[in-house]
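Please read this report with the sequence and the structure side by side. It goes through selected local features, one heading at a time.

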Number of protein chains: 2
Amino acid sequence: MHYQTINVTLPNQHYPIYIGSDLLSKDDYLKPHIHGNQVMIVTQKLIANLYLEKLLQALKNYHCDVVIIPTGERHKTLKSFNKIIDNLLAKGHERSTTLIALGGGMVGDVTGFAAACYQRSVNYIQIPTTLIAQVDAAIGGKTGVNHSAGKNLIGAFHHPQCVIADIALLASLPQREFVAGLAEVIKCSLIKDKNFFSWLEDKQRELIAKESNALLEMITRTISIKAQIVSQDDREQKNIRHLLNFGHTAGHALEALSQYQLLHGEAVAIGIRIACMLSVDRGWLTEQDYQRIYDLLSAYQLSLPLIKGFKLKKFLDFLSHDKKNFNQRLRFVLLKEIGQAELTDTVTEADLIKIISRLEDGR
Amino acid sequence: MHYQTINVTLPNQHYPIYIGSDLLSKDDYLKPHIHGNQVMIVTQKLIANLYLEKLLQALKNYHCDVVIIPTGERHKTLKSFNKIIDNLLAKGHERSTTLIALGGGMVGDVTGFAAACYQRSVNYIQIPTTLIAQVDAAIGGKTGVNHSAGKNLIGAFHHPQCVIADIALLASLPQREFVAGLAEVIKCSLIKDKNFFSWLEDKQRELIAKESNALLEMITRTISIKAQIVSQDDREQKNIRHLLNFGHTAGHALEALSQYQLLHGEAVAIGIRIACMLSVDRGWLTEQDYQRIYDLLSAYQLSLPLIKGFKLKKFLDFLSHDKKNFNQRLRFVLLKEIGQAELTDTVTEADLIKIISRLEDGR
């Protein structure tokens, strides 16, 4: 069977990411990563309807329990976290248990955080069911929940035993969510891999049609960029992993200001444009390359306008609370050129205001 | 000035434990361990009345905020954790902030857990104000909160930047709490250091009078045993750190069944006796050594009876949920002799029932 393995290598741990089609129904991928005989599957109702039976079948030799958590970013809270913990305790799960996150990024983040904290950490496995979770959220050990003051403010670094990126699961994904996931793909190409960016320009038709070979190659290339960065700086301490926040400084703010009406990837797509415009302004990125980036985003329906009812003051306030700030300065990742990014704390509010006003004018 | 330093050495981190008298008023100990300019002190009302002013004085060059959490083991919950997180966010604390836990084990555990999870981990410092926290809870990076199903079921391993064990803070400690702390001291001698056990037999008068040289030596020797064990097995993965659970398997159950009317150390003292009786029963510990241990516990008023209204079935039920069990077997640490402990999963319910009935008869 056709599948790829990419390894994440950390100081005290390494784990594989399996990428292929219809991996879920084979227990070969799961078995080596489950120690002990207890498994707790965390998922959501719609996903359970589609895939739970298949997964339970693959796990028929284990003692499996299932907990269903509510759907939507607004439920990525300590309440959902508690629901998982309560179920683990009620069903007598021991330290040797394995949690399995079957779902999108929200399921993966809250399940990973529950695994990090249950009895001071148990194992877990990621089976992401959305494009954005397969190429981004499920990779890299960032887990957590939101606080009313902002996203992911409570969490832990806790890496899974393995990740299973099964493109068969993407068949059921709504097109809007699929497209939003492409923003993280484009982001990875922009910060690290010029050739991959060109490839994305060439393969627009195949990718929008979710043609399976193109999809597999796209996901593999994106994951390999992320896995490489995470392997170099898994705790975000060396200013390497920060590069993955390209498009996210403004993106997080817009996502919050839209009250999560914008999908994460959509907000990141706007954030990418803002970061690119800032990059052009300081003479790093050429106008011509900016146009290529804009055209690629447009081709994937990701050249979105600023959110309705955008309020500049709220946007700036939010940024000043963003956890990527350090010693009260804004931190942005900008592009030196396509395929090369750099972290900077030299962006001022004035720079931002200028860019925003251009975006508001639809330029 | 007379003080000792003991280092905890971990795979990716090492940190000092300073032990001395009146260290709190010197900023020399704190300064090298605070990076950034923000500090959040977490403490409780009574402790704040006694020591907060002094600590704020030592930290006068930092931006300090204070959060007061309620007193008592029953408040070691996600609610207190949330109170700390809410305050950090409300006061705009960034990833470079440092939390300082000023209080007993409960304050240290919940503060450490908040530090572990706030923005996926920030630094913290332990300033334990009880004997049990100085020799046990503050050392070793175990952080967490309780769940209605049991103690410390939600938590993380997160080590502090440093620990300041200031014996001047023990002057205000109620005698009952001081004595309870001695149970952890005796435990450390029993599992690792025969000479230290003899020393504790010799120094009863000085220790009960909290004579400062004896106290300093006792705390230093106990911490050095714990630090050595933690340095060898900081994540409790090698069956070394488990030795510190000597007296805790039964102890945790008794503490919970007493609804926390028993102090942790008092419950551990009874647990130590149960573990010693089990050790004698399998021919590991001699009757004579058991008598020495019993006599030492008695001398420190720690040869306590089983709790009032003790229910055997509830006790056994609780043990079967204890997180130190593995693949459904009870795990006990027993003594081969004074100064040498071993983890075993061969203790049966029948063994326990026999011991308990002897304790119930007051033997």
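The notes below describe a predicted model.

## A covered strand in chain A

Strand β3 of chain A spans residues 38-43, and six of its six residues are buried. Its side chains divide between two directions: Q38(A), M40(A) and V42(A) point one way, while V39(A), I41(A) and T43(A) point the other way. Residues on both sides are buried.

β3(A) is joined to two strands. Six bridges connect β3(A) with strand β4 (residues 63-68) of chain A, and the two run parallel. Within this pairing, I41(A) has V66(A) as its bridge partner. Four bridges connect β3(A) with strand β5 (residues 98-103) of chain A, again in parallel. Here M40(A) has L99(A) as its bridge partner.

## A helix in chain B

Helix α2 of chain B covers residues 78-90 and has 13 residues. From its first C-alpha to its last it reaches 18 Å, close to the 18 Å expected at 1.5 Å a residue.

Which residues of α2(B) are buried? They are L78(B), S80(B), F81(B), I84(B), I85(B), N87(B), L88(B) and L89(B). An α-helix has 3.6 residues a turn, so residues three or four places apart point the same way. Just after α2(B) comes G92(B), with a positive phi of about 70 degrees.

## Aromatic rings

Over all chains, a search of the whole structure finds 14 aromatic pairs. One of them is formed by Y3(B) and Y29(B), with 5.2 Å centre to centre and 85 degrees between the planes, and is edge-to-face. The pair links distant parts of the chain, 26 residues apart: Y3(B) belongs to strand β1 (residues 3-9) of chain B, and Y29(B) to the loop between β2 (14-20) and β3 (38-43) of chain B.

Y29(B) counts as buried, because its relative accessibility is 8%. In chain A, ring pairs link Y3(A), Y18(A) and Y29(A) into a cluster.

## Charges over rings

Two lysines of chain A sit over aromatic rings. The charged end of K210(A) is over the ring of F178(A), 5.0 Å from its centre. K336(A) lies over the face of W284(A), and the distance to the ring centre is 4.1 Å.

## A buried glutamate

E255(A) lies in helix α9 (residues 248-257) of chain A. With a relative accessible area of 2%, E255(A) is buried. Neighbours within four places in sequence left aside, E255(A) is in contact with K151(A), Y260(A), L262(A), H264(A) and A267(A).

In chain B, D22(B) has a positive phi of about 65 degrees although it is not a glycine. D22(B) is placed in the loop between β2 and β3 of chain B. D22(B) is partly exposed, with a relative accessible area of 29%.

N152(B) is another residue other than glycine with a positive phi, near 55 degrees. Where is N152(B) found? N152(B) is in strand β8 (residues 150-157) of chain B. N152(B) counts as buried because its relative accessibility is 10%, and the cut-off for buried is under 20%.

Methods. Residues are numbered from 1 along each chain as its sequence is written. Chains are lettered from A and ligands numbered from 1 in the order in which they are written. This is a predicted model: local features need pLDDT of at least 70, side-chain atom pairs count only at pLDDT 80 or more; totals for chains, interfaces and linings use all residues. Side-chain values use heavy atoms; hydrogens and water are left out. Buried means under 20% relative accessible area, exposed over 50%, partly exposed in between (1.4 Å probe, protein chains only). Two strands pair if DSSP finds at least two bridges between them. The expected span of a helix is 1.5 Å times one less than its number of residues. Rings of Phe, Tyr and Trp (its six-membered ring) pair if their centres lie within 6.5 Å; planes under 30 degrees apart count as stacked, over 60 as edge-to-face and the rest as tilted. A charge sits over a ring if NZ of Lys or CZ of Arg is within 6 Å of the ring centre and within 35 degrees of the ring normal. Contact means heavy atoms within 4.5 Å.
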